[in-house]
Amino acid sequence: MKFKIFGLDININKYNDKPLLINNNSDRLNNPYNYYLTDIVQTIFNGDTFPGSFGITKDYTFVDYYTLRKRSVQLFKENPYARGILRRILRNEINKGLTLEANPLTMYTKMTEEETVLWSQKAELDFNIWAENPKLCDYYNQKTFGQLQLDVRQTALISGDCLVVLRISPKTKMPYIQLIDGSHVRTPLGYTPRKGNKILHGIEFDNLGRQVAYYISNNYNYNLL
């Protein structure tokens, strides 16, 4: 791409982000002012729709696992385009979350049609009571089941994964859900796994490749993102 600024021909090569000054007059080419203009052009033409909208894209030789997570979260928090795209995906996929539609197989339950309808209605009502009450379904007593579903999907898209722990409430004897950001799943320093097992990024695998344990950092923050 070629254009002119203050009488200077500037060429931007899509394979090289450094603009080149093209001018037959060597005195004008070597003028410090020309190099100042080149620096300005380099700053402006970096892919931004407007200055500061995305930032310069760089190729990194090596980036570790947890740094990639942090950069992804930072992009979601600081870039309106990334945040808008992900929220649209979450709205379309999750919205208010999944609900129960009970449809038992009468062949196995041995119930009549009328008994099946009554059982289904009661099961759906019980589920809705549990799902809409944060004190029943959320380990931290903060969110409904639908909001927890949204958190799981959002954390998985942004951070890479989300650990879902199913617990049983000692008071209600019903299950409640604890969510932990995957960035807090870490391999403990100096820990030796059981014989034949191996640990990768805080997850222990047995010799058949099955996940047998997760190791959570003691100072993790339960608030996702």
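Keep in mind that the model is predicted.

Helix packing to begin. Two packed helices are described by the angle between their axes and the distance between the axes. Take helix H3, residues 65-78, and helix H8, residues 145-159. Their angle is about 115 degrees, and the axes lie 8 Å apart. Who touches whom? From H3 we have Arg69, Ser72, Val73 and Phe76. From H8, the partners are Gln154, Ile158 and Ser159. By type, that contact splits into 3 nonpolar residues, 3 polar and 1 charged.

Next, the backbone. Which phi value does Asn95 take? Phi is near 55 degrees there, positive in a residue that is not glycine. Asn95 sits in the loop between helix H4 (80-93) and helix H5 (106-109). Is Asn95 buried or exposed? Exposed, because its relative accessibility is 56% and the cut-off is over 50%.

Now Lys173. Its phi is near 60 degrees, again a positive value in a residue other than glycine. Look for Lys173 in the loop between strand S4 (162-168) and strand S5 (175-181). Lys173 has a relative accessible area of 62%, so this residue is exposed too.

Last, the cysteines. How many disulfides does the structure hold? The count is 0. Cys137 has a relative accessible area of 0%, so Cys137 is buried. Cys162 comes in at 18% relative accessibility. That is also buried, because the limit is under 20%.

That's the tour. Questions, please.

Key:
Residues numbered from 1 in each chain as written. Predicted model: local features only at pLDDT ≥ 70, side-chain atom pairs only at ≥ 80, totals over all residues. Heavy atoms only, no water. Axes fitted to C-alpha atoms, helices over the stretch in contact; angles between N-to-C directions. Helix = DSSP H or I, 4+ residues; strand = E, 2+ residues; numbered from the N terminus. Contact = heavy atoms within 4.5 Å. Nonpolar A, V, L, I, M, F, W, Y, C, P; charged D, E, K, R; others polar. Buried < 20%, exposed > 50% of the residue type's maximum accessible area, 1.4 Å probe, protein only. Disulfide = S-S within 2.5 Å.
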